[in-house]
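Q: I am new to this structure and would like to learn how to read it. Could you take me through some features, giving the general idea and then the case here?

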Amino acid sequence: MPLPRLGVVIVTMGTRPRELEALLASVEKQDAPAARVVLIGNATPLTDVDVSANVTKVPLDENLGCPGGRNVGLKVLREAGEADVVIELDDDGLLIADDVFRKVQQLFAADPRLGIIGFRVADEHGHTERRWVPRLRADDPMRRGLVTAFLGGGHAFSMPMLNEIGLWPSEFFFGHEESDLAWRALDAGWKILYEPELVLQHPNTSPARHAVYYRFTARNRVWLARRRLPVPLVPVYLGMWIFLTMARIRSLTGLRAWWGGFTEGVRTPCGPRKPMKWRTVWRMTRLGRPPIL
């Protein structure tokens, strides 16, 4: 197959200007240039951001969350018709090699059913945290292969896949939107590849630094189960995560926020329900991560 055309989407709230400048420079130096880079300003005007000619700035009056902001960028690329593959990067990430985009092109060109490539995330010392490896057995972050999940910080999507399964679940706002999209992709027969040679350098920060982390994590996990799991697996999945959460959270404030989010997830609309097929459950199990963990 011919090499696909690349588009890039970056969402920022304008709070990391130096990191964003470095990221845009690392995108610019890639030896396989992107046809278009879309920079989304979530509730920020982007007036102080200097960009090159192929960067389109889209300032938003409202903070749509990470998935909502990314959807705006994806729609810009879709309407322009300039990209076959979309690379999405966190605004505090950095591409430390200049051949990342070329390798992404080659991987998608080699397999028409490849839907998602997950990058390896590493800190400034080259260390990859266990939580950054998208498999249960995370002892070796350099082991590539087909997986059932990907990290939102650095990844690439097939545009034909997105046209088939839809975009990010914007109502999630923050947390577990990657799982919703990954499960839809797998259910439609697409592959997810973890490729550790594609590295995004990223600060080693905990997601719990966000004040709404516990609430959104719990709410969105319930929504995910209600939207995507066969009925018999819903109580198994939620019961498993209640047990794990109670064992892990040491903060009373965090526990209250988590249970508040869990209750919100049960009581509030979660969007259209389309549970995965049982053959997808089996496929995920064979890949090493059944959809109950």
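A: We can start with how residues are classed. Ala, Val, Leu, Ile, Met, Phe, Trp, Tyr, Cys and Pro count as nonpolar, Asp, Glu, Lys and Arg as charged, and the others, Gly among them, as polar. Keep in mind that this is a predicted model.

Q: By class, what residues does the lining of the largest cavity have?

A: Its lining has nine nonpolar residues, one polar residue and no charged residues. The residues in question are Gly-118, Phe-119, Pro-134, Val-147, Ala-149, Phe-150, Leu-151, Ile-192, Leu-193 and Tyr-194. Strand S6 (114-122) and strand S9 (191-201) are the elements that each give two or more residues to this lining. The largest share, three residues, is from S9. The cavity holds about 30 Å³ of space, and the count of cavities of 30 Å³ or more is one.

Q: How is the second largest pocket lined?

A: A pocket is an open set of points, whereas a cavity is one the probe cannot get out of. The second largest pocket has a volume of about 400 Å³. Its lining consists of 20 residues, and Leu-20, Leu-24, Asp-48, Val-49 and Asp-50 are those nearest its centre. Helix H1 (residues 17-28) supplies the largest share, seven residues. By class, the lining has eleven nonpolar, five polar and four charged residues.

Q: Is Gln-30 buried or exposed?

A: The cut-off is needed here: buried means under 20% relative accessible area, and exposed means over 50%. Gln-30 has a relative accessible area of 4%, so Gln-30 is buried. This residue is in the loop between H1 and strand S2 (36-41).

Q: What does the side chain of Gln-30 reach at 3.1 Å?

A: The backbone nitrogen of Phe-101 is at that distance from the side chain of Gln-30. Leaving out residues up to four places away in sequence, Gln-30 touches Leu-95, Ala-97, Asp-98, Asp-99, Val-100 and Phe-101.

Q: Where is Asp-99 placed, and which residues does Asp-99 touch?

A: Asp-99 is in the loop between strand S5 (94-95) and helix H3 (100-110). Not counting residues up to four places away in sequence, Asp-99 touches Gln-30 and Asp-31. Asp-99 counts as buried because its relative accessibility is 17%.

Q: How many aromatic pairs does a search of the whole structure find?

A: The search finds ten. To read a pair, look at the angle between the ring planes: under 30 degrees counts as stacked, over 60 as edge-to-face and the rest as tilted. The rings of Phe-150 and Trp-168 have centres 6.1 Å apart and planes at 55 degrees, so this pair is tilted. Phe-150 is in the loop between strand S7 (145-146) and strand S8 (154-158), and Trp-168 is in the loop between helix H4 (159-165) and helix H5 (177-187), so the pair ties together parts 18 residues apart in sequence. Both Phe-150 and Trp-168 are buried.

Q: Why is the pair of Phe-173 and Phe-216 edge-to-face?

A: The planes of these two rings are at 65 degrees, with centres 5.7 Å apart, so the pair is edge-to-face. This pair links distant parts of the chain, 43 residues apart: Phe-173 is in the loop between H4 and H5, and Phe-216 is in helix H6 (residues 213-228). Phe-173 counts as partly exposed, at 28% relative accessibility, whereas Phe-216 counts as buried, at 7%.

Q: Which residues do ring pairs link into a cluster?

A: The cluster consists of Phe-150, Phe-157 and Trp-168.

Q: What is the phi of Leu-46 near?

A: Most residues other than glycine have a negative phi. Leu-46 is not glycine, yet its phi is positive, near 65 degrees. Leu-46 is in the loop between S2 and strand S3 (55-59) and counts as buried at 3% relative accessibility. His-176 is not a glycine either, and its phi is positive at about 70 degrees. His-176 is in the loop between H4 and H5 and is buried, with a relative accessible area of 15%.

Note on methods:
Residues numbered from 1 in each chain as written. Predicted model: local features only at pLDDT ≥ 70, side-chain atom pairs only at ≥ 80, totals over all residues. Heavy atoms only, no water. 1 Å grid on protein atoms, 1.4 Å probe; cavity = no way out; pocket = protein on both sides within 12 Å on 5 of 7 lines; lining within 4 Å. Points joined across faces, edges and corners; volume = space filled by probe spheres on them. Helix = DSSP H or I, 4+ residues; strand = E, 2+ residues; numbered from the N terminus. Buried < 20%, exposed > 50% of the residue type's maximum accessible area, 1.4 Å probe, protein only. Contact = heavy atoms within 4.5 Å. Polar contact = N/O pair within 3.5 Å; in protein donor to acceptor, adjacent residues only side chain to side chain. Phe/Tyr/Trp six-rings, centres within 6.5 Å; stacked < 30°, edge-to-face > 60°.
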